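Open the model in your viewer and keep the selection tool ready. We will go stop by stop.

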Amino acid sequence: MVSKLQSVAWTLSGFGDEIDPDPAVQIAVLKALGASHIEVRSAWGTNVVDLDDEQLNTLAALLTREGMAVSAVASPIGKVDVALDADLEVARLRRIIRVAHALQTPNIRVFSFFRAAGVPVESIRDDVMTRMRLLADLAEKEGVVLLHENEKDIYGDTPERVLDLVESVGSPALRLAWDNANFVQVGVKPFTDGYAMLRPYLDYLQVKDAVAATGAVVPAGQGDGELRETLTALRDDGYTGYASLEPHLATQHELGGFSGPTAFGEAGRAFAGLLADIGVTTK
């Protein structure tokens, strides 16, 4: 139990485009759930890497007017085949950094590269490290932080390879976004197999759960993602960062997922119930 004298509060956020393509609707639903922040992956159906200056200015003005801050830019950086030219992702990151600066957040979600079918994961390690180092170098210069998400089928999809990645690159600009559901989908018990190993680098929580037998994504606490154990440990470790809802309850695909307002609300309430059980509030 949490001491009555102890007050633990995390900053609630969520992937706006899981709610609706229109940022105005995204903001309204997140506010209704008590969120003060939004994670921006796309707006008006346009991914952040492709937003033009007019769209970006309109989005920034809307967020300011609604009093909604940005927890992170959910970029697609590193969600490409590792065989592609490394300079291509560096160039795309420059565009994403422009978005992050305009939306006044230092946090940019990234990935550690896919590989072609039949290519052993061990064989791409050096190419991944080279690319992630280039991305981290740019992030350091620009004053942003890359948050690596443990997406399935990329290099860093198991705790051991995530640890290898973050320790080998060794940059203060490369930290971790933790996703319980993604670990479940690659046969990992997130808390049991990875939490202690990765906690020193964990700066951001993405909230979703999954069923081990099928890989299906479900609301927090309804799958095999060891959400309760993870959240309790984060509470006890003094975590005070973001918790970003990414429900994926309607559809999921290579570049993201969608839930819709109703299912997104269901996901938000499921997460709130878990937090209430362990004495954590959101702000």
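**Stop one: a charged pair**

Select Asp203: this residue is partly exposed, with a relative accessible area of 32%. Remember that you are looking at a predicted model. The side chains of Asp203 and Arg175 meet in a salt bridge, 3.0 Å from N to O. Asp203 sits in strand E9 (residues 202–207) and Arg175 in strand E8 (residues 174–179), so the pair ties together parts that are 28 residues apart in sequence.

**Stop two: a network**

Select Asp17, Glu18, Arg41, Arg109, Glu149, Asp179, Lys208 and Glu246. Salt bridges that share partners join these residues into one network. Zoom in on Glu18 and Arg41, whose side chains meet in a salt bridge (3.5 Å, N to O). Glu18 is in the loop between strand E1 (8–14) and helix H1 (23–32). Arg41 is in the loop between strand E2 (37–40) and strand E3 (42–43). Are these two residues buried or exposed? Both Glu18 and Arg41 are buried.

**Stop three: strand E6**

Select residues 107–110, which form strand E6. Asn107 and Arg109 point one way, Ile108 and Val110 the other, and all are buried. Next, show strand E7 (residues 145–149): it runs parallel to E6, joined by 4 bridges. Look across from Arg109 to find Leu147 in E7.

**Last stop: the core**

Select Trp10 and Leu103. These two have the most contacts inside the largest nonpolar core, which has 78 residues. H4 gives the most to this core, with 7 residues.

Key. Residues are numbered from 1 along each chain as its sequence is written. This is a predicted model: local features need pLDDT of at least 70, side-chain atom pairs count only at pLDDT 80 or more; totals for chains, interfaces and linings use all residues. Side-chain values use heavy atoms; hydrogens and water are left out. Buried means under 20% relative accessible area, exposed over 50%, partly exposed in between (1.4 Å probe, protein chains only). Helices (H or I, at least four residues) and strands (E, at least two) are DSSP runs, numbered from the N terminus. Two strands pair if DSSP finds at least two bridges between them. A nonpolar core is a set of buried Ala, Val, Leu, Ile, Met, Phe, Trp, Tyr and Cys residues joined through side-chain atoms within 4.5 Å. A salt bridge is a side-chain nitrogen of Lys or Arg within 4 Å of a carboxyl oxygen of Asp or Glu.
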